[in-house]
Amino acid sequence: MAFVKEVTLLVKSTIENIEDGIVDHALDEVTESTVSGFMKPTEDGFFLTYSEDGEGGRTVCDITTSGECVRVRRIGSVVSDLLFEVGVAHTSIYEVPPYKFDMAVEATKIRNSLALGSGVLDLFYKMNIGGATKKVRLKITVFPV
């Protein structure tokens with residue numbers, strides 16, 4: 001029987017824009033939100049789910065950790081399905097309806113200290129979206145309710 005825990009998540013994303021190989025921190029995009037969600041163990045990791053309301057509407061985010069891989073799926077005002085694996089590039093489509101962009105991500109580091117009801121998932125990755133190269137850190141801190 002899988003236990004499902006209600007949790008609070010602090011989701012922080014920092015996107016650094018890279019132009020001609022140089023990071024311009026003046027153009028960094030930083031977002032931070034605290035949301036309610038749920039967490040349950042899987043065979044070899046955890047499943048987290050939460051929703052966020054943004055300018056374009058509501059987005060549901062599902063995160064699955066499995067061994068050394070992390071999958072982040074978003075459905076709603078943003079649609080994406082990203083797979084993170086250190087040293088391996090994965091391509092997909094990133095949608096902000098009605099627009100679609102080609103996207104490639106490659107994890108450079110994954111820190112995962114998740115335990116049932118708490119912990120931190122920290123993803124560091126390179127991203128190319130619509131031809132623009134970016135360096136990203138997505139940090140998700142899980143707190144018990």
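This is a predicted model: local features need pLDDT of at least 70, side-chain atom pairs count only at pLDDT 80 or more; totals for chains, interfaces and linings use all residues.

User: In which sense do strand 10 and strand 11 pair, and over how many bridges?

Analyst: Strands (E, at least two residues) are DSSP runs numbered from the N terminus. Two strands pair if DSSP finds at least two bridges between them. Here strand 10 and strand 11 are antiparallel, with 11 bridges. V120 stands opposite T141 in strand 11. The two strands make a hairpin with two residues between them, and G130 in that turn has a positive phi of about 60°.

User: How many bridges join strand 1 to strand 11?

Analyst: There are 12, and these strands run antiparallel. One facing couple is I18 and T133, the latter in strand 11.

User: Is E16 buried or exposed?

Analyst: Buried means under 20% relative accessible area, exposed over 50%, and partly exposed in between (1.4 Å probe, protein chains only). E16 has 15% relative accessibility, so E16 counts as buried. This residue is found in strand 1. K12 is also found in strand 1, but K12 is partly exposed because its relative accessible area is 35%.

User: Which residues does K12 contact beyond its neighbours in sequence?

Analyst: Contact means heavy atoms within 4.5 Å. Leaving aside neighbours within four places in sequence, K12 is in contact with V30, T31, E32, R137, L138 and K139. K12 and V30 are 18 residues apart in sequence, yet their C-alpha atoms are 7.3 Å apart in space. With residues up to four places away again not counted, E16 touches V23, H25, D28, T133, K134 and K135.

User: Where does S77 lie, and what does its side chain reach?

Analyst: S77 is in the loop between strand 6 (69–76) and strand 7 (80–84). With 17% relative accessibility, S77 counts as buried. A polar contact is a pair of N or O atoms within 3.5 Å; within protein, one must be able to donate a hydrogen and the other to accept it, and residues adjacent in sequence count only if both atoms are side-chain atoms. The side chains of S77 and T59 form a polar contact of 2.7 Å. The S77 side chain also reaches the backbone oxygen of G57 at 3.4 Å.

User: What is the volume of the largest pocket?

Analyst: Rolling a probe the size of a water molecule over the atoms shows where empty space is left. On a 1 Å grid over the protein atoms alone, a pocket is an open set of points where a 1.4 Å probe fits, with protein on both sides within 12 Å along at least five of seven lines; lining residues have an atom within 4 Å of a point. Grid points are joined across faces, edges and corners, and a volume is the space filled by probe spheres set on the points. The largest pocket holds about 880 Å³. It is lined by 27 residues, of which T31, E52, R74, V78 and Y94 are the closest to its centre.

User: Which residues line the second largest pocket?

Analyst: The lining consists of T14, E16, T108, F124, Y125, K126, K135, V136 and R137. Strand 1, strand 10 and strand 11 each give two or more residues to this lining. The volume of this second largest pocket is about 160 Å³.

Technical notes
Residues are numbered from 1 along each chain as its sequence is written. Side-chain values use heavy atoms; hydrogens and water are left out. Helices (H or I, at least four residues) and strands (E, at least two) are DSSP runs, numbered from the N terminus.
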